[in-house]
Amino acid sequence: MKLINIGYGNMVAVSHIIAIVSPDSAPIKRMVQDAKERGSAIDATFGRRTKAVIITDSDHVILSAIQPRHIAGRLENREDNSSDESEVTEENE
């Protein structure tokens, strides 16, 4: 199973990610609120502002304090280095 760092040492299974979106639009805010009410929201922000919402195939919503483009860049780097099994290192945030 390949994992990607979503900030502050938190990891997500790459194969389960459906989308990485910005939390600014009203539909995404509703989705996050609904997930919190259902108990399927995972807050990985460590008390910081949510900058990305990761939607998984298990209907979980993961909140991250890392920009969506940075997470996507880590995914692209992971695919480029698919033969490399080392952990993606966390950038200065």
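A quick term before we start: a patch joins residues that have over 30% relative accessible area and no salt bridge, with nonpolar side chains linked within 5 Å. Keep in mind that this is a predicted model.

**Exercise 1.** Find which residues make the nonpolar surface patch of about 320 Å².

*Solution.* Met 1, Leu 3 and Met 11 make this patch. Now zoom in on Leu 3, which sits in strand β1, residues 3-7. Its relative accessibility is 33%, and a patch residue needs over 30%. Leu 3 counts as partly exposed.

**Exercise 2.** Decide how the rings of Tyr 8 and Phe 46 are arranged.

*Solution.* Start with the count: there is one aromatic pair. The ring centres of Tyr 8 and Phe 46 lie 5.6 Å apart, and their planes meet at 40°. Stacked needs under 30 degrees and edge-to-face over 60, so the rest are tilted, and this pair is tilted.

**Exercise 3.** Work out which residue forms a salt bridge with Asp 59.

*Solution.* A search of the whole structure gives one salt bridge. The partner of Asp 59 is Arg 38, with the closest N and O atoms 3.6 Å apart. Asp 59 lies in the loop between β5 and β6 and Arg 38 in helix α1, so the bridge ties together parts 21 residues apart in sequence. Asp 59 is partly exposed at 49%, and Arg 38 is partly exposed at 47%.

Terms used
Residues are numbered from 1 along each chain as its sequence is written. This is a predicted model: local features need pLDDT of at least 70, side-chain atom pairs count only at pLDDT 80 or more; totals for chains, interfaces and linings use all residues. Side-chain values use heavy atoms; hydrogens and water are left out. Patches are made of residues with over 30% relative accessible area and no salt bridge: like charges are joined within 9 Å, nonpolar side chains (Val, Leu, Ile, Met, Phe, Trp, Tyr) within 5 Å. Accessible areas come from the Shrake-Rupley method with a 1.4 Å probe; for residues, only the protein chains shown count as cover. A salt bridge is a side-chain nitrogen of Lys or Arg within 4 Å of a carboxyl oxygen of Asp or Glu. Helices (H or I, at least four residues) and strands (E, at least two) are DSSP runs, numbered from the N terminus. Buried means under 20% relative accessible area, exposed over 50%, partly exposed in between (1.4 Å probe, protein chains only). Rings of Phe, Tyr and Trp (its six-membered ring) pair if their centres lie within 6.5 Å; planes under 30 degrees apart count as stacked, over 60 as edge-to-face and the rest as tilted.
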